[in-house]
Amino acid sequence: METLPLEGTLFHVQGVDLDAQHIWVTSVDIEQKKGYLHQFNRATGHFERQVEVTDGPRFHPGGFSIAGDSIWVPVAEYKPHSTATLVELDKRTLTTKRRISVADHIGCLAVTGDSLIAGNWGSRQLYVLAMDGQQQRVIDVASNNQYQDIKFVDGKLVGGGNLTKTTGAVDWYAWPSMQLLRSVATGTTDRGRPYSGEGMALKGNDLYFVPEDGPSRIFHFVLTAMPAKH
């Protein structure tokens, strides 16, 4: 395991994603009712810039995903069964390219390439949306895992979340069948936070977590390869 401190002000952390140069983290300032996307240097953890993503009563940014030159961030009211806006940001400028309204709280968002997978409060349901926001499918999630961050990786849906206040797991699903392929239990940090309790990203066999509010750290684990399916 490797650990990198993230400098600068982070509030209640929600999601993480990264590329070769940068780490992005979403956090919500509950007292001021504002949501942010923060950018850090991947090599050093130094803060580089941030953008506010608040949308009226929607100030809770969730787990999010990078797709090409875009960063897709869900921003929701801070309560279940509410509303959300899916915001597409330009990765280079952090300006808004598109907004899609959803009639539910959306706490995490993955991008397949031709569709969006949006998890509601605790990811009890997944909404599959076309890139223009048209709903294609609603999936009831059977797992007890309360997914906080989801990613679409190598044709699979991967979700990290909480099972209890002190335990969590990362799960891999075949897509679009939602057959569970693998589940990896996660421990806790030395601050008592489940690693998979908030931000989770997967790049190949490299698994990243940002589970703690500021001062935050990104944790890096290397997974063993997934067993071949027989």
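The largest pocket of this predicted model is lined by 17 residues, among which Gln14, His60, Trp121, Gly122 and Gln148 lie nearest its centre. A pocket is here an open set of points, on a 1 Å grid over the protein atoms alone, with protein on both sides within 12 Å along at least five of seven lines, and lining residues have an atom within 4 Å of a point. The space in this pocket amounts to about 230 Å³, a volume being the space filled by probe spheres set on the points, which are joined across faces, edges and corners. By class, the lining comprises twelve polar, four nonpolar and one charged residues; Asp, Glu, Lys and Arg count as charged, Ala, Val, Leu, Ile, Met, Phe, Trp, Tyr, Cys and Pro as nonpolar, and the others, Gly among them, as polar. Strands E2 and E15 (146–153) each supply at least two lining residues, and E15 gives the most, with three. Strands are DSSP runs (E, at least two residues) numbered from the N terminus.

Local features require pLDDT of at least 70 and side-chain atom pairs pLDDT 80 or more, whereas totals for chains, interfaces and linings use all residues of the predicted model. Residues are numbered from 1 along each chain as its sequence is written, and side-chain values use heavy atoms, with hydrogens and water left out.

Strand E2 also belongs to an open sheet of four strands, ordered E2-E3-E4-E5 with antiparallel pairing, where two strands pair if DSSP finds at least two bridges between them. Its edge strands, E2 (12–18) and E5 (47–52), each pair on one side only. From one strand to the next, the twist averages 20 degrees, with axes fitted as lines to C-alpha atoms and angles running from 0 to 180 degrees between N-to-C directions. E2 is joined to the antiparallel strand E3 (residues 22–29) by six bridges, and Gly15 stands opposite Thr26 in E3.

The loop between strand E1 (2–6) and E2 contains Glu7. This residue counts as partly exposed because its relative accessibility is 41%, between the limits for buried (under 20%) and exposed (over 50%; 1.4 Å probe, protein chains only). Beyond residues up to four places away in sequence, Glu7 touches Phe40, Gly45, His46 and Phe47, contact meaning heavy atoms within 4.5 Å. Glu7 and Ser216, 209 residues apart in sequence, have C-alpha atoms 7.6 Å apart.

Strands E13 (residues 125–130) and E14 (residues 135–140) run antiparallel and are joined by five bridges. Val128 has Arg137 in E14 as its bridge partner. Four residues separate the strands of this hairpin, in which Gly133 takes a positive phi near 95 degrees.

Methods: On a 1 Å grid over the protein atoms alone, a cavity is a set of points where a 1.4 Å probe fits but cannot get out, and a pocket is an open set with protein on both sides within 12 Å along at least five of seven lines; lining residues have an atom within 4 Å of a point.
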